[in-house]
Amino acid sequence: MGPEVTTQGRITLNGIYKRYNDLEVLRDLNLVINEGEFVTLIGPSGSGKSTIFNILAGLETADSGEIKVEGFNFPPKKLFSYMPQRDSLLPWRNILDNVILGQELQGVSKKQARAAALAELPFFGLEGFEKNFPSELSGGMRQRAALLRTVLTQRPVLLLDEPFGALDAITRAQLQEWLGNLKQRLNRTILFVTHDVEEALLLSDRVYVLSPRPARIVLEQPVDLDRSGPGELVITHRFIELKARLLTALKSEGAI
Amino acid sequence: MKQILPPLLLVLILVSLWQLYVSWSGIRQTILPGPFRVIEALVNFWDVISENLIYTLVEATLGFTIALAIGFLFAVLLDYSPVLRRAVYPLLVASQTIPIVAIAPLLIIWFGYDIVPKIIVVWLVCFFPIVVAGVDGFASTDRDTTRLFKSLQASTWQIFWKLRLPSALPFIFSGIRIAITYAVAGAVLGEYVGAEKGLGIFIQRSKNSFRNDLIFAAVLVIAVASILLFLLVTVIQHRTMPWYYRQQAGGKKAGNNKK
């Protein structure tokens with residue numbers, strides 16, 4: 001996809017602690033994200049998922065603990081590409097100039113960045129909309145544009161913070177399927193945050209269930225689903241079994 | 001045209017009422033001239049009025065431009081430094097309680113009868129709305145988007161030019177539109193207390209020679225000039241921020257215009 005992105009090795013978060021004054025947000029958090037993996041963090045609101053993202057994106061620092069990235073020295077400035085919950089598209093820029101923001105800020109010429117972006121628009125269902133302003137697009141299209149901006153930033157790890165959280169159920173289902181198909185082509189390591197158990201199972205290779213604040217890992221669940229099989233995945237025996245297991249883990253912590 | 005029609009109709013009605021009152025009440029036109037009398041005076045004295053108008057417009061534009069430049073600079077500084085903002089902002093608000101009419105004669109004593117005190121008066125009335133609009137505008141910048149910029153290692157300079165300034169533009173233009181309507185009236189006020197040329201002193205002289213029709217004519221010219229300047233700013237605003245107006249109009253939703 002576009003210019004080749006340098007890859008990183010395994011990312012390990014070891015015993016991360018974080019508190020805001022009296023509020024303990026992360027307590028001894030341990031995570032592993034393998035190269036090329038789609039890992040989802042699922043947990044109740046306010047459980048510190050966004051804090052983990054902010055620490056990885058370099059917006060905040062952990063109080064203690066260590067983050068190791070094989071082949072990178074942390075804080076790795078060019079490792080993570082962060083997509084906020086709301087699309088954060090700039091209303092004064094058309095879609096094309098919005099999606100090149102990451103490259104532009106890193107000093108890539110606009111012309112070059114635009115050319116690369118135009119080639120990607122069809123895969124994000126945005127072909128023909130490059131000259132439109134964000135306000136002229138539907139919610140689903142805006143999220144896809146925000147994702148394209150994140151992808152075009154050309155960093156190996158994508159941090160997606162509830163990208164479909166604000167969408168209606170139908171658009172949401174469409175985008176889940178679309179991202180599922182796009183995943184292979186993106187060929188990136190993806191760390192994903194959601195509240196939605198089904199969304200996590202549809203997309204992830206592995207799911208971590210977080211406890212309410214202060215967040216720690218309650219369950220680590222590999223997702224071994226045959227997504228290429230016929231019929232609806234969500235009604236297969238294995239899917240329902242995994243869903244039950246995740247829901248039980250969430251309930252055991254009083255999360256739902 | 002739909003937007004222009006209602007106010008135009010209202011103006012027509014009010015002017016008709018004015019003419020009707022003057023015609024039926026028998027009031028002397030030297031006391032209250034009718035609209036026709038005003039137009040007549042405007043046409044007859046157009047040479048003098050236009051000459052004075054140009055002078056006033058020069059003062060207004062110069063004062064406004066300086067207010068815009070310094071006001072913008074101030075807004076950037078106050079945005080950049082919270083300490084400075086806390087120190088200066090209350091003083092700015094307090095400064096607005098000072099009646100300019102009281103200061104204008106002092107400015108004449110200090111700076112003489114030429115153009116400088118008028119420019120200062122215009123600057124004084126235009127400065128405040130521009131600074132306040134700028135500060136509020138910069139502060140309106142979306143926090144999540146700022147974080148996004150930071151996660152992309154954007155420099156302070158990049159965050160200003162590519163995020164904070166465009167975010168503030170709608171606010172800044174609101175401030176400019178308020179300021180520009182004050183600008184001509186400010187210049188006239190500056191001239192009123194002492195000047196050699198300009199509509200302010202023209203009004204003063206017309207009053208002294210009991211030419212109320214000329215006062216009305218000058219007031220009409222000031223109003224029209226202010227409205228035209230306001231429209232000019234609005235046109236510039238439309239050109240600068242096309243996205244803003246498409247957004248306000250609700251925008252064509254995607255799908256209706258797919259190529």
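The model is predicted: local features need pLDDT of at least 70, side-chain atom pairs count only at pLDDT 80 or more, and totals for chains, interfaces and linings use all residues. Residues are numbered from 1 along each chain as its sequence is written, while chains are lettered from A and ligands numbered from 1 in the order in which they are written.

Start with the domains of chain A. The assignment gives domain 1 (1–79 + 156–256) and domain 2 (88–154). Such bounds come from an automatic or database domain assignment. The centres of domain 1 and domain 2 of chain A, taken over C-alpha atoms, are separated by 24 Å. Across the boundary, 15 residues of domain 1 of chain A are in contact with 11 residues of domain 2 of chain A. Contact means that the C-beta atoms of two residues, placed from the backbone, lie within 7 Å. H6(A) gives 6 residues to the domain 1 side, the largest share. That side divides into 11 nonpolar, 3 polar and 1 charged. Here Ala, Val, Leu, Ile, Met, Phe, Trp, Tyr, Cys and Pro count as nonpolar, Asp, Glu, Lys and Arg as charged, and the others, Gly among them, as polar.

Helix H6 of chain A spans residues 169–186 and holds Glu177(A). Helices (H or I, at least four residues) and strands (E, at least two) are DSSP runs, numbered from the N terminus. Glu177(A) counts as exposed because it has 12 C-beta neighbours inside 10 Å. A residue is buried if 20 or more other C-beta atoms lie within 10 Å of its own, exposed if 12 or fewer, and partly exposed in between; C-beta atoms are placed from the backbone.

Next comes the sheet. Chain A has an open sheet of 6 strands in the order E5-E6-E7-E3-E8-E9, with mixed pairing. Two strands pair if DSSP finds at least two bridges between them. Strand E5 (80–83) and strand E9 (217–222) of chain A each have a single partner strand, so one side of each is left without a neighbour in the sheet. Within the sheet, strand E3 (residues 38–42) and strand E8 (residues 206–210) of chain A pair in the parallel sense over 4 bridges. Ile42(A) has Val209(A) in E8(A) as its bridge partner.

Helices pack on these strands. Helix H8 (residues 237–252) of chain A touches E3, E8 and E9 of chain A, and its direction makes about 170° with that of E9(A). H5(A) lies across E5 and strand E6 (157–161) of chain A, running at about 170° to E5(A). Axes are lines fitted to C-alpha atoms, for helices over the stretch in contact, and angles run from 0 to 180 degrees between N-to-C directions.

Finally, turn to chain B. 23 residues of chain A are in contact with 22 residues of chain B. The chain A side has 12 nonpolar, 8 polar and 3 charged residues. In chain B, Pro6(B) lies in helix H1 (residues 5–25). Pro6(B) is exposed, with 9 other C-beta atoms within 10 Å.
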